[in-house]
Each structure stands twice: as structure tokens, then as C-alpha cells.
Amino acid sequence: MRSMKWKIAGAGTALAGTLAAGLVVAQTGNDSAPEARYVMDVGTNAGMMGQADGREMTLRLGSRLPATGGAPRADHFLPEGMRMGASVPLVSPEPGKPGTRDDEDRYAYDKLARPKGRLLIYWGCGAHVGPGQPLVIDFARLGKGQMPPELFSARIPAEAVPRASTSRIYGDWPNGKTNAKIGSNSSLIGQHRIAGNYSPEIGFALTQDFMAAPRVKPGQAPDGSVPLNWAAVPAATGYYAWAMGSAGEGKDDMGWWASSATRQFGGDLWGWLSPGTVNRLIGQKVVMPPSQTSCAIPAEVKKAAGEVMMGFLYAYGPEAGFAFPARPRDPKIAWRPKWTAKVRYRAMGNFMAGMPDMGDAMRGQMSDGDEERPEQKPKPCKPRLGGLLKRAAGLGDGC
């Protein structure tokens with residue numbers, strides 16, 4: 001689901017993207033850097049209401065070499081199991097324009113109207129919240145487009161990927177040059193090849209397919225907390241969950257909760273994390289270990305967020321790395337690869353705390369009968385804080 005790439009980081013990824021761009025040394029003038037760097041981000045998003053799971057893939061190629069024989073061009077040739085045709089084009093941005101992925105990283109938070117109300121931030125699994133909660137952010141005290149300094153944590157920096165701003169020539173997919181789509185039966189397994197006129201040819205084989213999506217089942221505890229349970233996801237390296245909700249129509253306050261034992265809402269938590277980073281974050285109790293399959297949203301969060309909360313569970317996955325030539329076994333030998341490639345995996349589940357079981361609803365148990373109901377016209381809405389967060393996450397129209 002493409003909207004998930006905006007992830008709630010929509011309002012915060014602007015910061016994360018800027019940090020990443022500042023930390024990455026441009027390849028253009030560095031002769032010791034690989035001639036080309038390639039990153040594949042592949043994800044699985046759980047389908048809702050019985051729909052098939054969605055699959056996503058983002059491809060980024062960055063090179064420090066000039067194009068030969070005309071305008072920049074490159075293609076990713078796919079294994080037959082992807083069922084997307086022989087290849088997809090990696091499109092380079094027009095001169096003077098940012099790349100597609102750079103556009104997403106610089107989500108236009110400053111173009112959004114100043115939201116009303118307050119954001120109540122909570123964290124940690126358990127029946128009740130810990131001391132010092134909630135952190136309250138009053139958006140009325142901020143200027144238009146001003147990012148609340150307390151909202152996003154900078155302790156988890158975004159992991160570097162090729163970008164137009166850090167490459168002599170850059171190309172990516174998805175783009176507007178092809179209608180190829182990833183199907184629910186697409187498979188990554190097999191040989192992948194990237195060829196073009198501004199980078200050496202890149203080739204590698206994948207044995208890890210798309211991850212399974214987690215199925216999250218929320219409950220209702222007598223103490224007012226919301227227990228979350230899910231089955232372990234094969235290949236998962238760790239989990240992170242968040243949820244948000246509003247106390248009711250007409251309310252401008254919004255409750256936002258994350259599963260981290262400390263207040264961690266920023267950096268790359270909404271993206272793809274390497275196993276090494278995940279392992280470090282597990283030790284810091286920011287990410288839940290892969291052996292953990294339950295968590296509870298505290299009762300205070302439920303009270304602040306209202307009867308219904310929308311939430312997501314991230315299952316971070318493995319990572320596959322490739323290079324040519326391969327790294328020498330002897331660390332004393334200098335290693336200067338012509339190209340490197342990385343494939344990052346992730347899966348995401350969704351849940352609606354406070355809603356009836358979707359299976360029951362689909363079986364008609366929520367129906368009052370077969371009698372026709374009068375059509376109701378949608379009410380006009382005024383963008384509120386909850387709508388801003390939903391819009392940032394690509395989950396609504398801002399209402």
C-alpha cells in the first residue's frame with residue numbers, strides 16, 4: 001500500500017530525511033566510494049476486511065558516474081515469479097527537479113494549516129502508563145508549519161539510502177513510466193539484474209521472499225487497557241507498535257501511543273531498520289524482541305484516545321547485502337567495491353481497537369436485518385489534529 005510509505009512519519013520524516021541527507025557524503029567527488037549503490041525496500045501490509053495482503057517495493061539506484069550514450073537510463077530486470085514483466089525502469093528526475101523518493105522524504109508539513117488542539121503522547125506496554133505521561137503538545141502555541149521540538153526523537157537516525165541529492169545520477173521506481181504493479185502472488189525469489197548507462201551492471205539472487213504480514217487482535221481488559229496479541233512473524237527481527245485516536249467528535253485533543261518503553265516516535269522507526277539497528281533498539285527497550293507476541297495499550301491512553309483507536313504493528317525483517325568484488329576475508333586487504341546492493345525487508349499489520357471483530361462484521365452479525373437504510377450524506381468537516389496525523393500517514397483526507 002503506497003500510502004504506508006508516507007507512514008505517520010509524514011510530519012516527521014521531513015526531519016529524518018534532512019538528517020539522512022546531511023549525514024551521507026555525496027558520491028560525486030569520492031573516488032573511494034562504490035561507483036554505484038542500490039537499495040531495494042520490500043514490504044508486506046496486512047489486508048483489511050478480508051482483503052489480500054498488499055506488497056510494496058521501492059528501488060533506488062545512485063551512481064557517481066556520468067551517463068554514456070545519451071540521457072540516463074536504467075532498468076531492474078526481475079525474476080519471472082514477480083509477474084510484472086521482464087523489467088521495470090528506474091527513472092531519473094528531470095534536471096532541477098527532486099527525485100520521487102526525495103519528494104516523499106520532504107513531506108510538505110509546512111504547507112499544512114496549523115492544527116488545532118493538543119496532542120497527548122504516551123508510551124510503553126502495560127495496564128497503566130508510567131510517570132511523566134502524557135507529554136502534552138499544544139499546537140495553538142506553535143507557528144504555522146513549525147515542528148514541535150518534543151514530538152520526534154532524533155536518537156534513531158534514518159539509515160542512508162541513495163538519493164538524488166547524494167548521487168551524480170539517480171533513478172528510482174515506482175514512477176509514472178510504467179503501470180507494472182506488485183501482485184499478492186508476486187515472488188522476489190530468483191535472479192535480479194540492474195543494467196543502465198550510468199552504473200556498472202549489478203546482479204544478485206534472492207532467497208528470502210516477501211515477509212508474512214502480522215495479524216493483530218486487540219481485546220478489552222476489565223482495567224480499561226487494550227491487550228494486543230499477534231502470532232510470531234517468520235523472519236521478524238523485532239516489533240514496534242503505535243496507535244492513535246480522538247476522544248470523540250468535536251474534540252480537538254488526540255491521543256498517540258507507542259510501544260517503546262521510552263518516548264521514541266521518530267527517526268527511522270516507521271521505515272526499514274537493519275537487523276543490527278533492531279538488535280540495539282531491543283537492548284534499549286525501544287523495539288520489542290521477536291519472541292514477544294503481545295503488548296497492552298494502557299488504560300489512560302484508551303481514555304484519552306476514545307472508544308476507537310487506529311493502530312499499526314511493524315515487523316522489522318532481515319537484510320541481504322551484495323557487492324562486487326566481494327569483501328576480502330583478510331581485513332588487511334583494502335576493499336573498494338565497484339557496486340553495492342542492499343535488500344531490506346519489513347511487514348506491517350493494522351488493527352482497530354474498540355471495533356467489533358472484522359470476521360463477525362463480515363458474517364453479518366452486526367447487521368440489524370436486511371431492511372434498507374436511508375442513505376446518509378457525509379457531513380462537511382473541518383480539518384483537526386487527528387486528521388492531520390491521518391493525512392500524514394496517508395490514511396485519510398484530513399478530516
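## Briefing: cores, sheets and salt bridges

The largest nonpolar core has 55 residues, and Tyr38, Met40 and Met57 make the most contacts inside it. Strand β16 (residues 339-353) supplies the largest share of this core, with seven residues. Another core lies apart from it and holds 26 residues, among them Phe139, Leu142, Tyr240 and Leu281. Please keep in mind that this is a predicted model. As general background, nonpolar side chains tend to be buried together in soluble globular proteins.

**The nine-strand sheet**

- Nine strands make up an open sheet with mixed pairing, in the order β6-β5-β13-β12-β15-β16-β1-β2-β7.
- At the edges of this sheet are β6 (135-138) and β7 (169-173), each of which pairs on one side only.
- On average, neighbouring strands of the sheet are turned by 15° against each other, with direction ignored.
- Within the sheet, β12 (residues 238-246) and β15 (residues 309-324) run antiparallel and are joined by seven bridges.

- Helix α3 (residues 275-283) lies across β12 and β15, and runs at about 135° to β15.
- Thr277, Val278 and Leu281 are buried in α3.
- These three sit on the same side of α3, because they cover an arc of only 100° around the axis.
- What do the buried residues of α3 pack against? They pack against β12 and β15.
- Leu281 is also one of the residues in the 26-residue core.
- On the face of α3 turned away from its buried side you will find the exposed residues Gly276, Asn279 and Gly283.
- Just after α3 comes lysine 285, which takes a positive phi of about 60°.

**Salt bridges**

- A search of the whole structure finds nine salt bridges. In general, side chains of opposite charge can pair when their charged atoms come close.
- One of these joins arginine 60 to aspartate 41, with the closest N and O atoms 2.9 Å apart. The two residues are 19 residues apart, arginine 60 in strand β2 (residues 54-63) and aspartate 41 in strand β1 (residues 36-45).
- The side chains of arginine 344 and glutamate 159 meet in another salt bridge, at 3.7 Å from N to O. Arginine 344 lies in strand β16 and glutamate 159 in the loop between β6 and β7, so this pair ties together parts that are 185 residues apart in sequence.
- Both arginine 344 and glutamate 159 are buried.
- The two pairs above belong together: Asp41, Arg60, Glu159 and Arg344 are linked in a network of salt bridges.
- Arginine 118 forms a salt bridge with aspartate 253, where the closest N and O atoms are 2.8 Å apart. Arginine 118 lies in strand β5 (residues 118-123) and aspartate 253 in the loop between β12 and β13 (254-258), so the pair ties together parts that are 135 residues apart in sequence.
- Arginine 118 is partly exposed, with a relative accessible area of 33%, and aspartate 253 is partly exposed as well, at 24%.

- Three bridges join the antiparallel strands β3 and β4, and phenylalanine 77 stands opposite serine 87 in β4.
- Where is arginine 83 found? This residue is in the loop between β3 (74-77) and β4 (87-89).
- Arginine 83 is classed as exposed because its relative accessible area is 54%, over the 50% cut-off.
- The C-alpha atoms of arginine 83 and isoleucine 182 are separated by 7.7 Å, although the two residues are 99 residues apart along the chain.

Technical notes:
Residues are numbered from 1 along each chain as its sequence is written. This is a predicted model: local features need pLDDT of at least 70, side-chain atom pairs count only at pLDDT 80 or more; totals for chains, interfaces and linings use all residues. Side-chain values use heavy atoms; hydrogens and water are left out. A nonpolar core is a set of buried Ala, Val, Leu, Ile, Met, Phe, Trp, Tyr and Cys residues joined through side-chain atoms within 4.5 Å. Buried means under 20% relative accessible area, exposed over 50%, partly exposed in between (1.4 Å probe, protein chains only). Helices (H or I, at least four residues) and strands (E, at least two) are DSSP runs, numbered from the N terminus. Two strands pair if DSSP finds at least two bridges between them. Axes are lines fitted to C-alpha atoms, for helices over the stretch in contact, and angles run from 0 to 180 degrees between N-to-C directions. Contact means heavy atoms within 4.5 Å. A salt bridge is a side-chain nitrogen of Lys or Arg within 4 Å of a carboxyl oxygen of Asp or Glu. The arc is that of the directions from the helix axis to the C-beta atoms.
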